[in-house]
Amino acid sequence: MSVFGMDAVDALYRGAQIDDRWAVRSDRGYTWWTDDLAQHVSLGGVRATPSGDECTLTVWTDVVTDVDPTTNPGQVLALVNMRELAMNAFVWERESATIKMFCSMSIHEGNTGNAERLIGLPAMLQNYMAHALADRLAAQCGGSRAVSSHPHTGSHADLEDLRAFASMVIDAGEEPSLFSRTEPGELPAEHRESWMSGLPAFAERLSCHGSGNDIAFTAEVPFASSGHSACIEVFTHQPQPVWGYGAWVVLQLPLTPGADEAFVLANALNAQEFDWAPPGLATLGAWSPDFLDADMDGLAFSTFVPNKFAGSGMLENLFIYSALRARFAADVLSS
Amino acid sequence: MSSTVIYEVARYSGPGDGATLLESVQLIAVEGVLRVRDSGGSETVCVGADVGVEIGSTPALREVRAGQEARITCRAGTQIGQHGSPIRSLFGPEVDPLALETATPLFGRSPTRTWPRLKFLW
């Protein structure tokens, strides 16, 4: 069994201050309980790349079981995915009649030291939101809260740390987006440009047509052989209903399947990414109907990064993920 | 053997001309085969002939790291695929006029990769 990536797993374990009494370790991850829902952390298979080894780290929480498919779970989850989540996705698995919440990220030699921040923070939000929304989703989808407990030490109930963390993220979201902030430079009248303002030049270097400023950016990336382009929108002036200000990164596909079909396709794409995604593609958001379109008859993948998680390089990486994802979606949907 | 630089990411300590070059990684084509060349000049042969797949699946080519400036040079649409199949770009449209005459659309089914099918679309 390879040990590659286990440093990242251990960092996540320590970062979440997990008590050994409420966790079960495995060769490539662990499961733990803060309350009555289990959160799982698991490393995928190691693959060799020209710049070293890489594997995918997936974090998911069991939320609902015994889902009734006649309640239109895909639509219920899409509405939550687009309005309430940050850097995670709810997915309904028809075969197992379950709802899970998940996020994932590539772990490689260049980022193992930062894994705790890169996926640890989304994982904490996931744990909090899963506990907060489980009863509501169970009721809406005709299922049951996915209650479980540690096999030896039994049930656990200590959500205080998660609540405190969520409050911290919400508080940080009250100030305008940190992605749009300019700061004084070392010299008089000199200013450090905002992270948003660097995106147009970045897109240009990648031969993408893009334009933008401190609060909004748009660019086109290839989608399919038809010559149609997908659109990447990044904006910071609209707060997220739960988490406040930060940055939205939305990939819009040039498809209009209609609203009903978009709900079905969105869940299918989320299920696909939970099941398998191409190497390097991080899932830090969710597919849903295109909520930037009034009719919501298109498909979009949206990521909301709260202010609390803001950092340099993040928007550029999310841009690259979006380009990768457009291509992945084109291939999957044309299969 | 002549090589063509398809894509390069150079990582600097920050913005501006005074920044220090920390790392430079290139995706090059040598006689129709893609290779990744690192800062030390070592080359690793890529498995496939698809630019998008190679950039996406090679962390050193795709990642922008916090606190550094990544300066990217991309020469998309170059026609060097194995068995005459085109290399697809992950990003923009063709920018090389020489490639426009022969390049097929950048997207379409990957010549080197088969994605798994969606669970309940079929």
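Analyst: A crossing is left-handed if the near helix is turned anticlockwise from the far one by less than a right angle, and right-handed if clockwise. This is a predicted model, where local features need pLDDT of at least 70, side-chain atom pairs count only at pLDDT 80 or more, and totals for chains, interfaces and linings use all residues. Residues are numbered from 1 along each chain as its sequence is written, while chains are lettered from A and ligands numbered from 1 in the order in which they are written.

User: Which way, left-handed or right-handed, does H4(A) cross H5(A)?
Analyst: H4(A) covers residues 120-140 and H5(A) covers residues 160-172, and they pack at about 115° with axes 9 Å apart. Axes here are lines fitted to C-alpha atoms, for helices over the stretch in contact, and angles run from 0 to 180 degrees between N-to-C directions. As H4(A) passes H5(A), the crossing is left-handed.

User: Which residues of H5(A) make the contact with H4(A)?
Analyst: Contact means C-beta atoms, placed from the backbone, within 7 Å. H4(A) brings Met124(A), Leu125(A), Asn127(A) and Tyr128(A). From H5(A) come Leu162(A), Phe165(A), Ala166(A) and Val169(A).

User: What are the edge strands of the six-stranded open sheet in chain A?
Analyst: That sheet runs E11-E12-E13-E14-E16-E15 in chain A, with antiparallel pairing (two strands pair if DSSP finds at least two bridges between them). Its neighbouring strands are turned by 20° against each other on average, direction ignored. Each edge strand pairs on one side only, and they are E11 and E15 (286-289).

User: Which helix packs on that sheet in chain A?
Analyst: Look at E15 and E16 (299-306) of chain A, the strands the helix touches. Its direction makes about 170° with that of E15(A). Spanning residues 259-275, the helix is H7.

User: Which residue in E12(A) is the bridge partner of Gly210(A)?
Analyst: E11(A), residues 210-212, and E12(A), residues 216-222, are antiparallel and joined by three bridges. They form a hairpin with three residues between them. Across from Gly210(A), the partner in E12(A) is Ala219(A).

User: And on the E13(A) side, which residue stands opposite Ala216(A)?
Analyst: Seven bridges link E12(A) with E13(A), residues 229-235, and the two run antiparallel. In that pairing, Val221(A) faces Ala230(A). Opposite Ala216(A) you'll find Phe235(A).

User: Over in chain B, what are the edge strands of the five-stranded open sheet?
Analyst: The strand order in chain B is E4-E3-E2-E1-E5, paired in the antiparallel sense. Neighbours in this sheet are turned by 20° against each other on average, direction ignored. Pairing on one side only, the edges are E4 (43-45) and E5 (69-74).

User: Which residue of E3(B) stands opposite Gln26(B)?
Analyst: E2(B), residues 21-30, pairs with E3(B), residues 33-37, in the antiparallel sense over five bridges. In E3(B), the residue opposite Gln26(B) is Arg37(B).

Note on methods:
Helix = DSSP H or I, 4+ residues; strand = E, 2+ residues; numbered from the N terminus. Contact = placed C-beta atoms within 7 Å.
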